[in-house]
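Q: Could you walk me through this model, starting with how it divides up and then going on to the helix packing?

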Amino acid sequence: MTILIKGGTVVNATGTVDADVLVDGERIVAVLAPGSESLGSDAGAADKVIDASGKYVIPGGIDAHTHMQLPFGGTEACDTFETGTTAAAWGGTTSIIDFAVQKYGERVEDGLAAWHEKADGNCAIDYGFHQIIGGVDDESLKAMEGLIDEGITSYKLFMAYPGVFYSDDAQILRAMQKARETGLLTMMHAENGPAIDVLAAQLAESGKTAPYYHGIARAWQMEEEATHRAIMLADVTEAPLYIVHMSAKQAVAQVAWARDNGKNVFGETCPQYLYLSLEKNLGAKSDEWGDFEGAKWVCSTPLRSEEEGHLEAMWQGLRTNDLQMVSTDHCPFCMKDQKELGRDDFRAIPNGIGSIEHRVDLLYQGVVDGRISLPRWVELISTTPARMFGLYGRKGVIQPGADADIVVYDPNGHTSIGVGKTHHMAMDHSAWEGFEIDGHVDVTISRGAVLVEDGEFRGTKGHGRFLKRDLTQYLV
């Protein structure tokens with residue numbers, strides 16, 4: 001099938017150009033001057049023509065940090081690979097990279113096989129995996145050697161969650177040495193977990209059990225300290241390092257220092273750290289839930305104080321490239337029967353927010369508000385994720401030969417976020433209820449297949465293919 005997208009403004013990370021885009025099968029075959037007849041009748045006789053006049057034509061979004069069906073805190077993230085990837089398509093995301101999980105005492109190979117089983121045949125969009133290494137030992141270090149052959153070129157360690165995923169400094173050092181040897185990119189959840197557990201226990205013992213205190217226990221100092229320590233371990237091993245879901249301005253300053261000194265250190269933030277706060281959200285109250293309302297926004301790292309300048313610092317980091325990209329850390333839980341497991345103790349609240357449907361829109365609002373440029377928007381949501389995780393050329397760009405992952409975005413449209421408005425995730429609430437976006441995803445195309453158009457979902461589960469990724473393309 002051929003598709004001609006005509007009359008739009010193509011936006012890549014390198015800039016904008018008025019152009020028509022021709023798709024043949026699963027690939028982009030031409031980017032043409034408006035109305036060009038250079039291909040003769042091939043363009044004019046397209047099977048489908050999409051009028052993008054007055055709209056942006058951008059590469060499909062890549063969400064490089066999601067957790068579908070993740071077991072956590074005695075329950076499981078409520079989005080399946082089918083519901084989560086369908087919601088992603090509604091929001092202009094055409095690829096995800098989820099996390100296969102190995103816990104302490106389990107085999108890496110078994111964890112990977114389990115995630116393939118969960119995802120295979122169920123995804124509406126293309127998907128890849130990072131590998132969580134929750135138990136660093138001789139066996140798991142040996143298993144890391146085979147990940148690249150599986151198309152998995154990044155793995156994740158945790159400096160938090162003792163007893164579940166936690167790795168101590170010696171384990172981190174050994175894993176990073178293996179990463180340096182193999183070419184794997186180390187991803188790090190950087191918080192001082194043992195110290196956080198002490199603070200959390202002390203708060204609970206003093207009767208401070210509401211969701212607000214989740215943010216107090218996970219103080220910014222815990223993120224800054226762990227970020228610095230991770231950078232030092234990466235420096236001594238010469239292993240590239242990618243810090244996930246950064247929220248504290250002091251931690252971003254550590255990444256900036258490392259980058260200013262020529263280190264291969266990278267940082268990711270998430271929409272919640274750009275818009276949501278300790279005061280307004282974790283401290284929220286409602287008639288239905290009382291002061292437990294804040295559980296909707298319990299995630300780790302936690303929401304930070306807007307008064308302390310953390311939110312503005314995240315936007316600044318995106319402008320200066322001290323932070324390279326925005327993922328969601330999509331890990332959704334319902335309030336009923338899931339979040340409410342921690343009604344009497346914030347430590348038992350499953351950690352996670354659902355955002356996969358809204359990332360492209362929320363970052364576009366940053367363009368409207370003058371916080372980032374139009375090409376930077378595309379760079380953050382698509383191009384850099386493709387480069388960082390070995391997909392660029394296939395994904396992340398509108399150019400001949402690339403996969404036809406394309407979004408037609410209307411800057412004159414409008415999107416109201418909330419349950420019953422724009423909400424296709426499996427959660428019983430929206431973390432983004434009431435947000436208004438000055439733009440709209442009109443069309444989402446994945447490998448030449450139209451998934452969303454005219455306010456309808458036209459995709460199918462099983463369309464998405466597993467992405468075997470190359471090594472990172474972002475090293476200095």
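Q: Before we start, what should I know about the numbers?
A: This is a predicted model, in which local features need pLDDT of at least 70 and side-chain atom pairs count only at pLDDT 80 or more, while totals for chains, interfaces and linings use all residues. Residues are numbered from 1 along each chain as its sequence is written, and side-chain values use heavy atoms, with hydrogens and water left out.

Q: Ok, what does the domain assignment of the protein give?
A: The assignment gives domain 1 (2–58 + 398–457) and domain 2 (61–389), with bounds that come from an automatic or database domain assignment. The C-alpha centres of the two domains are 28 Å apart, and 39 residues from domain 1 and 45 residues from domain 2 take part in the contact, where contact means heavy atoms within 4.5 Å.

Q: And which residues does UniProt list for a domain?
A: An unreviewed UniProt entry lists residues 56–449 as "domain: Amidohydrolase-related"; the positions are in the numbering used here, feature names are shortened, and such annotations may be inferred rather than shown by experiment. Over residues 56–449 the chain is 35% helix and 18% strand, with the end C-alpha atoms 19 Å apart. Helices (H or I, at least four residues) and strands (E, at least two) are DSSP runs, numbered from the N terminus.

Q: Helices next: at what angle do α5 and α8 pack?
A: Helix α5 (residues 169–182) packs on helix α8 (residues 220–237) at an angle of about 45°, and their axes are 9 Å apart; the axes are lines fitted to C-alpha atoms, for helices over the stretch in contact, and angles run from 0 to 180 degrees between N-to-C directions. That angle makes α5 oblique to α8, given that angles under 35 degrees count as roughly parallel, over 145 as roughly antiparallel, 65 to 115 as roughly perpendicular and the rest as oblique.

Q: Which residues of α5 and α8 meet there?
A: From α5 there are D169, I172, L173, M176, Q177 and R180, and they meet R229, A230, L233, A234, V236 and T237 in α8. These residues divide into 7 nonpolar, 2 polar and 3 charged, with Ala, Val, Leu, Ile, Met, Phe, Trp, Tyr, Cys and Pro counted as nonpolar, Asp, Glu, Lys and Arg as charged, and the others, Gly among them, as polar.

Q: How do α8 and α9 cross?
A: The axes of α8 and helix α9 (residues 249–260) come within 7 Å and cross at roughly 20°, and α8 and α9 are therefore roughly parallel to each other. The contact is made by W220, E223, E224, T227, H228, I231 and M232 of α8 together with Q250, A251, Q254, V255, W257 and A258 of α9, and by class it has 7 nonpolar, 4 polar and 2 charged residues.

Q: Are α13 and α14 roughly parallel or roughly antiparallel?
A: They are roughly antiparallel, since the axes of helix α13 (residues 359–368) and helix α14 (residues 374–388) cross at roughly 155° and come within 9 Å. In this pair, R359, V360, L363, Y364 and V367 of α13 meet L374, W377, L380 and I381 of α14, and the contact residues divide into 8 nonpolar, no polar and 1 charged.

Q: Switching to the backbone, where is the cis peptide bond?
A: A cis peptide bond joins S300 and T301, with omega about 0°, and T301 is in the loop between α11 (278–282) and α12 (310–320).

Q: And what about the phi of Q69?
A: Q69 has a positive phi of about 55° although it is not a glycine, and its place is in the loop between β6 (61–66) and β7 (71–72).
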